[in-house]
Amino acid sequence: MRETDAVLQELRDGNERYVQVRGGMLPGAGCQTMPAHRPRAVVVGCSDARVPVEQVFDQGPGSLFVVRVAGHVLEDAALASILYAVRELDVRLVIVLGHQACGAVRAALAGISDEALRPLVDPISARLARAADAGQTEDQAIHANARAAADEVSAFLRAIDPERAAHVSVYCAVKALDTGEVTWLDREETV
Ligand SMILES: [Zn+2]
């Protein structure tokens, strides 16, 4: 059996267990209708497998509307996803969650020039070039990248829907990989 087949089988088995044990945990599940979609916050995270958003904040299913892109690069569809949560689901809190040892930030710092990776690396490089506090260390760059993403979310919401944006708070934070602790970073909190 190929390694990928074994992994796929693990995931199939995992879903069977999930359905048996936790499938009905979603608020409203088990009724005749679909469970309501009422997330309490948007979290814009990195794709890094070591930063599973719901677990990091100890939240159950249905609580968080999660947008994950490596380095939390915010292309149009990601921004539109955030707008959907704010406008259609009435979410008032957006959190950009960066993390220690982010491979996407490392790639930008290393000046990776792979053409296929440019849509990921270039926006991060541009954020770091603009940030006065990007500093010299990887951790400083990771903080600056998270702050820049939060600023992008704020600017986008203000531009598209200023009335609604006035009621939305945008925070940013960084997760340590060793302890799991989330450190909240200073920035303008309200859009
Ligand atoms: Zn990352």
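Biologist: Which residue is the bridge partner of Gly45 in E2?
Modeller: The partner of Gly45 in E2 is Arg68. Before we go on, this is a predicted model: local features need pLDDT of at least 70, side-chain atom pairs count only at pLDDT 80 or more, and totals for chains, interfaces and linings use all residues. Residues are numbered from 1 along each chain as its sequence is written.

Biologist: And what do labels with E and H stand for?
Modeller: They're DSSP runs numbered from the N terminus: helices (H or I, at least four residues) and strands (E, at least two).

Biologist: OK, how many bridges join E1 to E2?
Modeller: Five, and E1 and E2 run parallel. Two strands count as paired if DSSP finds at least two bridges between them.

Biologist: What about Gly45 on the E3 side, which residue is its bridge partner there?
Modeller: In E3, Gly45 is bridged to Leu97. E1 and E3 also run parallel, with four bridges joining them. Val43 stands opposite Ile95 in E3.

Biologist: What's the strand order in the whole sheet?
Modeller: E2-E1-E3-E4-E5, an open sheet of five strands with mixed pairing. E2 and E5 (182-185) stand at the edges with a single partner strand each, so one side of each has no neighbour in the sheet. From one strand to the next, the twist averages 25 degrees.

Biologist: Which strands does H3 touch when it packs on the sheet?
Modeller: H3 touches E1, E2 and E3, and its direction makes about 170 degrees with that of E2. H6 packs on the sheet too, touching E1, E3, E4 and E5, at about 160 degrees to the direction of E4. For those angles, axes are lines fitted to C-alpha atoms, for helices over the stretch in contact, and angles run from 0 to 180 degrees between N-to-C directions. Residues are in contact if their C-beta atoms, placed from the backbone, lie within 7 Å.

Biologist: How do H3 and H6 cross, at what angle?
Modeller: The axes of H3 (residues 76-88) and H6 (residues 138-160) come within 11 Å and cross at roughly 60 degrees. Leu79, Ile82, Leu83 and Val86 of H3 make the contact with Val153, Phe156, Leu157 and Ile160 of H6. By class, that contact has eight nonpolar, no polar and no charged residues. Nonpolar here is Ala, Val, Leu, Ile, Met, Phe, Trp, Tyr, Cys and Pro; Asp, Glu, Lys and Arg are charged, and the others, Gly among them, are polar.

Biologist: New topic: which residues touch the most other members in the largest nonpolar core?
Modeller: Val44, Val96, Ala149 and Val153, out of 44 residues in that core. A nonpolar core is a set of buried Ala, Val, Leu, Ile, Met, Phe, Trp, Tyr and Cys residues joined through C-beta atoms within 7 Å. The largest share, ten residues, comes from H6.

Biologist: And what does Val153 touch?
Modeller: Leaving out residues up to four places away in sequence, Val153 touches Val44, Leu74, Ile82, Val94, Val96 and Val170.

Biologist: Is Gly98 buried or exposed?
Modeller: Gly98 is buried, with 32 other C-beta atoms within 10 Å. The rule is 20 or more other C-beta atoms within 10 Å for buried, 12 or fewer for exposed, and partly exposed in between, with C-beta atoms placed from the backbone. Gly98 is in strand E3. Beyond four places in sequence, its contacts include Cys46, His72 and Ile142.

Biologist: How much of E1 is buried?
Modeller: Four of the five residues in E1 are buried.

Biologist: What about Leu120, where does that sit?
Modeller: In helix H5. Leu120 is buried, with 20 other C-beta atoms within 10 Å.

Biologist: Last one: what's the phi of Asp58?
Modeller: Near 55 degrees, a positive value in a residue other than glycine. Asp58 is in the loop between H2 (53-56) and E2, and counts as exposed, with 7 C-beta neighbours inside 10 Å. Asp90 has a positive phi as well, of about 60 degrees. You'll find Asp90 in the loop between H3 and E3, and Asp90 is exposed, with 11 other C-beta atoms within 10 Å.

Note on methods
Contact = placed C-beta atoms within 7 Å.
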